[in-house]
Amino acid sequence: MSRPKARPVKRIAFAVAGAGAIAACVSMVLATSATAATTLGASAAEKGRYFGAAVAANKLSDTAYTTILNREFNSVTPENEMKIDATEPNQNQFNYTNADRIVSHARSRGMQVRGHTLAWHSQQPGWMQNMSGSALRSAMLNHVTQVTTHFRGQVVAWDVVNEAFADGSSGARRDSNLQRTGNDWIEAAFRAARAADPNAKLCYNDYNTDDWTHAKTQAVYNMVRDFKSRGVPIDCVGLQSHFNSGSPYPSNYRTTLSNFAALGVDVQITELDIEGSGTTQANTYRNVVNDCLAVARCNGITVWGIRDTDSWRASGTPLLFDGSGNKKPAYEAVLSALNTGNPTTPPPTTPGNTTPPPTTPPPTTPPPGGAGCSATVSVNQWTGGFVATVRVTAGSSTLTGWTVSLTLPGGATITNAWNANRSGNSGAVSFTNVSYNGSVAAGQSTEFGFQANGTGSGLTPTCTAR
Ligand code: G3I
């Protein structure tokens, strides 16, 4: 988006000024225009970021709506039109009519497009809801391939997988028909997307992943770290950031952004809305913008709708414009934060600054016992068997050898193992390092795995240093 021209009043002042005053006036005008973009998109662009909105195709004929959209935003996310039920209503029959309308509207005005979303447990068409196993896995991958191919070159970033983790304290994957095709469904989706559109950024997107201390945040962090360590193609993490009294903006939000970014991915605030009104709401919006500006790889913010009345939570008045399209205090706070913010610069650490500075990412598989080691397991289950992948993480000292013990459920029998020596094949079993993975630096990890018949539920590995 281009910068708006200087206001007429300044040009009049310029015309009547004497020669000596002209230079001062010019520098004043330049200084003013250099620091005060007047729209969200233009201001974000000056900070190397985008500012976007979720857009509904059926509102593109509402001129009050499009006037704000076209003026303020330089990124668009289709609110529902790229979801699975919209783009593949019948298996292998693709419908891009409404998504294409939004893409065309956006791109013809120089706005970028975020794609939302390719693989999700929700808003599946009926045919997909009724599928399972390898047929569903193939259908999901075909969907990812077809849709990313259709939009290749038009969508800059995709929410490849949406909301795949459970709420609460488990840190587990959400149960769904997709999850039941095997734990590797997420990475399979990312690989398919990369193959079909190598130039789009590929994001994992979720909600309630804003508070650094929450189990769900940690679980997503661990998945992204694992993907990066194994070369699974992931470029970004989307934090939806739907805030209200039940799910408030957390004071450690900047820490969360910063820690994800430190994994080597972009961080995008993908569905921002903040229920409330007036100064309180405005202040929270300001905090979110300042947090994003403080993290170099937080490269954009999308609000989930334009006017309050467009919101999925309209009664909470969570957006930047009221139902009549007027700018709210929250709008002014966002624009002001964008204009005055100091991007990527860590916050001052003077006394009285209560915003915690970005931290380097702490190990998120906590090394209990300090110098020992810890182990976590992920299980890819199918009918009659499973593969378990065990991650061993060193504590605060370098490991020179490790033993992992766990108890298999009744009926489960190990058929083979890799990257570890195994003792036992049912009941209580243990694994020790092999020659090449016994040495693990403090805080670092190594992995081994095994395949078994039966069911791999409830595995609880314990690790001891040797
Ligand atoms: O278009 C039909 C309309 O014809 C029908 O009369 C009406 C009756 O219910 O439904 C309309 O469709 C609704 C659609 O929004 C468009 O308004 C659907 O029922 C409704 O389920 C759908 O809700 C969307 C929701 O995702 C579905 O999960 C919201 O608009 C959309 O904002 C919301 O977005 C999600 C993100 O994708 C993921 N993160 C959470 C976010 C908020 O829930």
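How many of the residues of strand β8 (residues 266–274) are buried?

Reply: Nine of the nine are buried, so β8 is largely enclosed by the rest of the structure. Buried means under 20% relative accessible area; exposed is over 50%, and partly exposed lies in between (1.4 Å probe, protein chains only).

Two sentences on the basis. The model is predicted, so local features need pLDDT of at least 70 and side-chain atom pairs pLDDT 80 or more, while totals for chains, interfaces and linings use all residues. Residues are numbered from 1 along each chain as its sequence is written, and side-chain values use heavy atoms, without hydrogens or water.

Take the partners of β8. Strand β6 (residues 236–239) runs parallel to β8, joined by four bridges. (Strands are DSSP E runs of at least two residues, helices H or I runs of at least four, numbered from the N terminus; pairing takes at least two bridges.)

Now the ligand. In the side chain of E271, an N or O atom lies 2.7 Å from a ligand nitrogen. The side chain of N80 places an N or O atom 2.9 Å from an oxygen of the ligand. W304 also reaches a ligand oxygen, with a polar side-chain atom at 2.9 Å. On its own the ligand exposes 780 Å², and the protein buries 44% of that (Shrake-Rupley method, 1.4 Å probe).

The peptide bond joining H116 and T117 is cis, with omega about 0°. T117 sits in strand β3 (residues 112–120).

Two further backbone points sit in loops. N208 is not a glycine, yet its phi is positive, about 55°. Look for N208 in the loop between β5 (201–206) and α10 (215–230). N208 is partly exposed, at 29% relative accessible area. T317 is another non-glycine residue with positive phi, near 40°. Its loop runs between β9 (298–303) and α13 (329–340). T317 is partly exposed at 30%.

Next, R173. This residue is in the loop between β4 (157–162) and α9 (185–196). R173 is buried, with a relative accessible area of 19%. The C-alpha atoms of R173 and S378 are 9.8 Å apart, while the two residues are 205 apart along the chain.

Last, another sheet. Four strands form an open sheet in the order β14-β15-β12-β17, paired antiparallel. β14 (421–423) and β17 (462–465) are the edges: each has a single partner strand, so one side of each lacks a neighbour in the sheet. Three bridges join β14 to the antiparallel strand β15 (residues 428–432). Within that pair, S423 stands opposite S430 of β15.

Notes
Polar contact = N/O pair within 3.5 Å; in protein donor to acceptor, adjacent residues only side chain to side chain.
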